[in-house]
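The following note collects several points for a colleague who is examining the structure. Please read them alongside the sequence and the model.

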Amino acid sequence: MSGPAREGAPGLLARLGLDRPELRAWVLYDVANSAAVTSVLTAILPIYYARVAGAELPPTVATQRFALATTAGLAVVAVLAPILGTLADVAPVKKRLLALFALTGAAATAALFAVGPGDWLLASALLVLLNVGLNGSFVFYDALLPHVAREDELHRVSSAGYAAGYLGGGLLLAAQLAWIARPGLLGLSSGGTPAQATLPTRLAFVSVAIWWIAFTIPLLRRVREPAVRAPEGAAREGTIARLARTVRQLRRHPQAALLLAAFLVYNDGIGTIIRMAAIYGSELGLSRGALIGAILLVQLVGVPCAYLFAGLAGRVGAKPAILAGLAVYTGIAVLGYFTRTAAHFFALAVLVGLVQGGTQALSRSLFASLVPRHLSGEFFGFFAVSEKFAGIFGPAVFALAIAVTGSSRAAVLSVIGFFLAGAALLLGVDVERGRREARAAEALADTAVESSPERLA
């Protein structure tokens, strides 16, 4: 019986995109960073910022400063990402830069332990650093995907990352909420001085930092640094010259460029729903418990549904699967307009969990299949810029809709425009042509390396 069991296990792991050590190590970084996204940025820090760090500020001012700090961090990464991406393609530094940014984000998260009542300026500075570290690491993490996974594995492995991230982030958040609600579980007091009262929450920040570092180590140990295939003299180019070359390279791959434009637009809508959901729920009068419960529900539903989308992509293709996800998101926006109760909000959470991870995972893997592997760093640098702008334009349109109509419900409907416009652009992407162009560029780069071995780092 032991023989068949051993034979069956690799088949299951292959279907899950986890059958090789380097794939499992790559996926574990999604577990690492999801704790920061779920626990810190989504569930715990916004509440802690408003009620503790910004306790001396009017609520609207505290919210505004939190939003400004978030935008500042995203803007820094939006500027740095293309530069760092091009650097990673002319020197073998993807893993080292990932480690540097991950360590920066984890250190900023741990330092939140020092934030007490009224320390909104310190909290804001650490939030900027956290976002720079987190989102900066994504440039190199995503760029490693086409190097660790074969083309026929891209969708499964990318989806495995999102599924593992949902599971890991949800488990840690559940544990943190348990000891925050019942400090006695850690032998802590639930009252006393402000420092004692906030200690369980501040320990949650430290636990995220430890989690982040621990689950980053496997990638650093198991994933090989990709070889660099760059034009002669590229490593000596200045920043502007490298960026100009990247733009020229992107123009030579119009299908990847069109997908990038589509992702920029529809991910604006996805990012707006993620960032505005809790605030919208609070405006509806939902309790903190209901809001955090909805976040946990998204994590729970997201684990199997990320794999569901990978399976759907295997049957109908990644592009139709993403379009199906955008159709569901359009329905979410319509239903959000009519949401009145906690039950309605939980129903929306189920729908978001159904499509959020799968849509983003397939976008990442589809883009990876359209770019030459030796240019993955610079191309994913621009992909990262698209993700960051989703944190700027979408909420800005949401705020403008509120200003014009005086209604958050009308603002929810405004998000539909991002999904429709993004879907229209995505329909124009010729996936097979884009893949042929990418593989042809790789073959040409390999030929150049063979004729000039000194260019291979």
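1. Y266 is buried in this predicted model, with a relative accessible area of 0%. F263 likewise counts as buried, at 2% relative accessibility. Both values fall below the cut-off, because buried means under 20% relative accessible area. F263 and Y266 lie three residues apart in helix α9 (residues 254-283), and so about one helical turn separates them.

2. Aromatic pairs number nine in the structure. One of them joins F263 and Y266: the ring centres are 5.7 Å apart and the planes stand at 85 degrees, so this pair is edge-to-face.

3. The pair formed by Y329 and F419 has its ring centres 5.2 Å apart and its planes at 20 degrees, and is therefore stacked.

4. Which residues of α16 are buried? They are I416, F418, F419, G422, A423 and L426. Viewed down the axis of α16, these buried residues fall within an arc of 155 degrees, and they therefore line one face of the helix. The face turned away from the buried side of α16 carries L420 and A424, which are exposed.

5. Exposed positions are found in other helices too. A181 belongs to helix α6 (residues 154-181) and is exposed, with a relative accessible area of 62%. A181 and T201 are 20 residues apart along the chain, and their C-alpha atoms are separated by 9.5 Å.

6. Where is L103 found? L103 is part of helix α4 (residues 94-111). L103 is exposed, with a relative accessible area of 52%; the cut-off for that class is over 50%. Together with I213 and I217, L103 makes a nonpolar surface patch of about 260 Å².

Terms used
Residues are numbered from 1 along each chain as its sequence is written. This is a predicted model: local features need pLDDT of at least 70, side-chain atom pairs count only at pLDDT 80 or more; totals for chains, interfaces and linings use all residues. Side-chain values use heavy atoms; hydrogens and water are left out. Buried means under 20% relative accessible area, exposed over 50%, partly exposed in between (1.4 Å probe, protein chains only). Helices (H or I, at least four residues) and strands (E, at least two) are DSSP runs, numbered from the N terminus. The arc is that of the directions from the helix axis to the C-beta atoms. Patches are made of residues with over 30% relative accessible area and no salt bridge: like charges are joined within 9 Å, nonpolar side chains (Val, Leu, Ile, Met, Phe, Trp, Tyr) within 5 Å. Accessible areas come from the Shrake-Rupley method with a 1.4 Å probe; for residues, only the protein chains shown count as cover. A salt bridge is a side-chain nitrogen of Lys or Arg within 4 Å of a carboxyl oxygen of Asp or Glu. Rings of Phe, Tyr and Trp (its six-membered ring) pair if their centres lie within 6.5 Å; planes under 30 degrees apart count as stacked, over 60 as edge-to-face and the rest as tilted.
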